Amino acid sequence: MLDVFMLSRIQFAANITFHILFPTITIALCWLLLFFKLRYNRTGDEAWLQAYRFWVKIFALSFALGVVSGITMSFQFGTNWPGYMETVGNIAGPLLGYEVLTAFFLEATFLGIMLYGTKRVSNRIHTLATALVAVGTSMSAFWILSLNSWMQTPAGFEMRDGVAFPVDWWAIIFNPSMPYRVGHMLLASGLTASFFVAGVSAYRRLKGDHSREVSYSLKTGVYLAALLIPLQIFMGDLHGLNTLEHQPAKIAAMEGVWHTESGAPLQLFALPNSETKTNDYSIAIPRGASWILTHSGDGEIRGLNEFEGEHPPVAPVFWAFRVMVGMGLLMLLMSWTCTWQVWRRGAPDRLWLKGLVAMTFAGWVATVAGWYVTEIGRQPYMVYGVVKTADLVTNTPASHVMFTATAYVLVYIGLIIAFLHTLFYLARKAVKSSVKDLDPEVAGGEI
Amino acid sequence: MSGEAYWLPIIFIFLMGLAVLIYAVLDGFDLGVGILMPMGRPESRDTMFASIGPFWDANETWLVLAVGVLLIAFPTAHSEILGTLYLPAFFLLFGLILRGVAFDFRAKAHADYQLRWDRCFKTGSLIASLSQGYMLGIYVTGFEGGALSIGFGVLSAICVTAAYAFIGACWLVRKTEGELQLWAAKRARFTAVLMIVGLISVSLVNPLISPEVFDKWFTLPQALLLLLIPFMCAVLFVVLFIYLRHFPYEGDFASWVPFACAIGIFFLSFQALAYSYFPYVIPGQLTIWQAASAPESLMFILVGALFVLPTILTYTFIVYRVFGGKAQALTYGD
C-alpha cells in the first residue's frame, strides 16, 4: 500500500508534469503571436493576420489549461506539503507573491483584449495588449524559476529554529543557478513553440493547405528552431557546469558515475543498477563525461559514493537526461535539414513534413524529461541541503490523497485528449476554409 | 507587541480581505452566470458566455492573490486551512478546472461537443460555488468538526451559491437585452429572496454557535452602530425590489442598479464577517500575529504591492471600460 508521502509525490509529479506542458507552449507562442502581429502591421499582408488568428485560438486554449493547472499547483503547497511553507514560506511566499502581482494579473487581464478586443480598441492598443501578455508570461516564468532555482541552490538566507529567514533578497532572487535555469527554460519554451507551430503547419500543408499563412508559420517555426537549438545546447552545457559546482550528486546520477573517478566515461546507453552500484550493459565513450564536464579528458568527477543516503534515485535521472539530450540532437538534425530545404526549394518535401508532424510535441518530451532531471535530481531534498521532502508532507489520511491523486490523473488524461483532439480539429477546419478560399469547387468536398 | 511585527499583519489581513471581497464580487458574477446557464437555449448561452468572456480569467486571479496573501503572510494558517479542508479544496479546484477549460473548449470544439462543454461549465461553476461556501462554513466554525460544523458548512454552501447566482443575474441585467434580460431580472428577484433567507439564517446561527461573535455583536454601545450593517443591507434589497418590480424600463434605464445593489450587499456582508472574526485568521484558534511571517518578508512584498496593486486596479478598470456596454458576440480577432 502506498503511503501519504508517496501518494502526495505522485500527485504533485502528475500536477507539475501536466502543468509545465502549457506554459512551455504559451511563454514563447505569445512572442510568436506578437511577431505575426508586427509583421502584419508592417507589411499589411493578410496572411500574417490569418496566422495570428489561427494561433491565438490555440494560445487561448493552452493558456486556459495552464491557468487551471497552475491554480491547482498553488493550492497543493498547502494541502499536501504544509511543511514547505512553514519552513521556507518566508522566502517562497514573497517570490510567489511577486509572480501573482507582476505577472498573473497582467497576462490574465490583457488576454481579454488580445482575444476579443479587436473591435473595441485600436490596432495599436491590440498590439500593445499582445505585447503585455507576452511580457506577463515571461515575467511569470522568471519568478517561478527564481524560486525553483533557489530550492536547487539556496542562498541569501539563514535558518533560525528550523525556519528559513531572508537575509539578502538580491542573493535569493539571483541565486547561483537562476540565470542558467531561466535561460534554459526560455529557450526550451522557444523550441517547444517553434516545433509545435512547425508541426501543426506541416500537418495542414500535408492535408492540402497551400495558403501563404501556413507557409509563413512553417517557415517561422523552422527558422526559429534552427536558430535556438545551438543556443540551447550551449546553454545546457553552461547549466550542467553550474550544476556540477552546486549539486554534484545530481550530476553523478545524470552521468551514472557510481564511484569518484578521473577520466569518467560518457554513458550512451546503460541500465544503472543500484544493487551492485554499477551500470549494466554499458555502451560508453571513454573519458567522455570528464571531457564534457571539466573540459579535460582526465578531469575528476565525484561519484555517488560520496553522497551516501543523500543522492537521488539514479535510473530515472540517468534516463530522463538521455531522453532530453536525445531530443535536443534530433531537434538539431530536423530543424537544420528543414531550414536547408526551405532555403533551397521553398518548403520541405513530404517526408520531412511528416517528420515535422511527428516532432510536433518534441519540445514537450524534452522539457518534461529536463524537469524530471532537475526535480528528481534534487531528491531527497525539497530545498537542496536544507530540508528533506519527507519532512514536509501532510498528515491527511492516505485514502483522501489516494482519491485526489487518482482523480487528478484521470482529469489530466481527459484534458490532454481533449486538447489534442481540439488542436487537430482546428487545424483541419482551417484547412477546409483555406482550400475553400482558394478553389470554390472544392467547397464541401472531402479533405 | 509593537512596531512592524504589530502593524504588518494588520495590513496584510486587510489586503487579503480586499482580495477576497474583490474575488467574491468579480468571480462571483461569472460563477453565477455559469450556475444560471440554461441548457435549452443555445443563443442565450452564447450571449451569457460573451458577457463574461473577456473577464473571467482575470477575475479568478483574485483568488490566486487571496490564497497567495494567506500563504505569504500567514503560512501556518495557510497549511492548517488547506490541510483541514483537503477534500473540499480538491472539489473547488476540480470545479474551477472544469469550468475554466469548458469555456475555451466550447468555442473551438466541433459544434457537436458544444452542449457537452456547456454542461461542464455549468456543473463546474456549481461545484466551485458549493465547495467555496462549504469551506467558508467549516472555516468560520473554527474547524471543530462534528455534525454541527458540517451542517453549518452545508447551509453556507447553499447561501454562497445563491449569492453568486444572485450577483450573476444582476450582472446579466446590466449586460444583456431583450428576452434574456427579462429572464435574468426574474432570476435576480428569485435568487435575491434565497439570499435574504441565507443571510438571515447565517446571521442567526453564527452568533449562536460562537460566544465571541455573540459578544461582539450584542454588547452596547457598539451594537447600535453595528445595526447599521443589516439596516443598510435591507435598504439595498428594497431598492433592488422596487427597481425590478417595474422592469423593463424605456431605453434600458439604470440597468446598473441591481448589480450596484449586489456589490453593496456583498460589501456589507463581508464587513460583518470580517468584524466578527478579526483579529483571528483561524477563528478562535490563531490570531494574525501568531500566524504571521517574518517582518522582513512582509516588508519586501509590501513595498512591491504598494506600487503594483494600484496599477492592477487601474488596468482592470480600463479593461472593464473597454468591454463596457451590452455583451457582443465573441470573435477571435475578426
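**View 1. The salt bridge between B:Glu296 and A:Arg160.** The two side chains meet at 3.5 Å, N to O. The count between chain B and chain A is one salt bridge (a side-chain nitrogen of Lys or Arg within 4 Å of a carboxyl oxygen of Asp or Glu).

**View 2. Helix H2 of chain A packed with helix H3 of chain B.** Take a look at H2(A), residues 46-80, and H3(B), residues 56-73: their axes lie 11 Å apart at an angle of about 20°. The two helices are therefore roughly parallel (angles under 35 degrees). Residues making the contact include A:Phe63, A:Val67 and A:Ile71 of H2(A), and B:Leu63, B:Val64 and B:Val67 of H3(B).

**View 3. Helix H6 packed with helix H10, both of chain A.** H6(A), residues 178-206, and H10(A), residues 314-345, pack at about 50° with axes 12 Å apart. A:His184, A:Leu191 and A:Phe195 of H6(A) meet A:Met324, A:Met331, A:Met334 and A:Ser335 of H10(A).

**Notes.** Residues are numbered from 1 along each chain as its sequence is written, and chains are lettered from A in the order in which they are written. In this predicted model, local features need pLDDT of at least 70, side-chain atom pairs count only at pLDDT 80 or more, and totals for chains, interfaces and linings use all residues, while side-chain values use heavy atoms, with hydrogens and water left out.

Key: Axes fitted to C-alpha atoms, helices over the stretch in contact; angles between N-to-C directions. Helix = DSSP H or I, 4+ residues; strand = E, 2+ residues; numbered from the N terminus. Parallel < 35°, antiparallel > 145°, perpendicular 65-115°, else oblique. Contact = heavy atoms within 4.5 Å.
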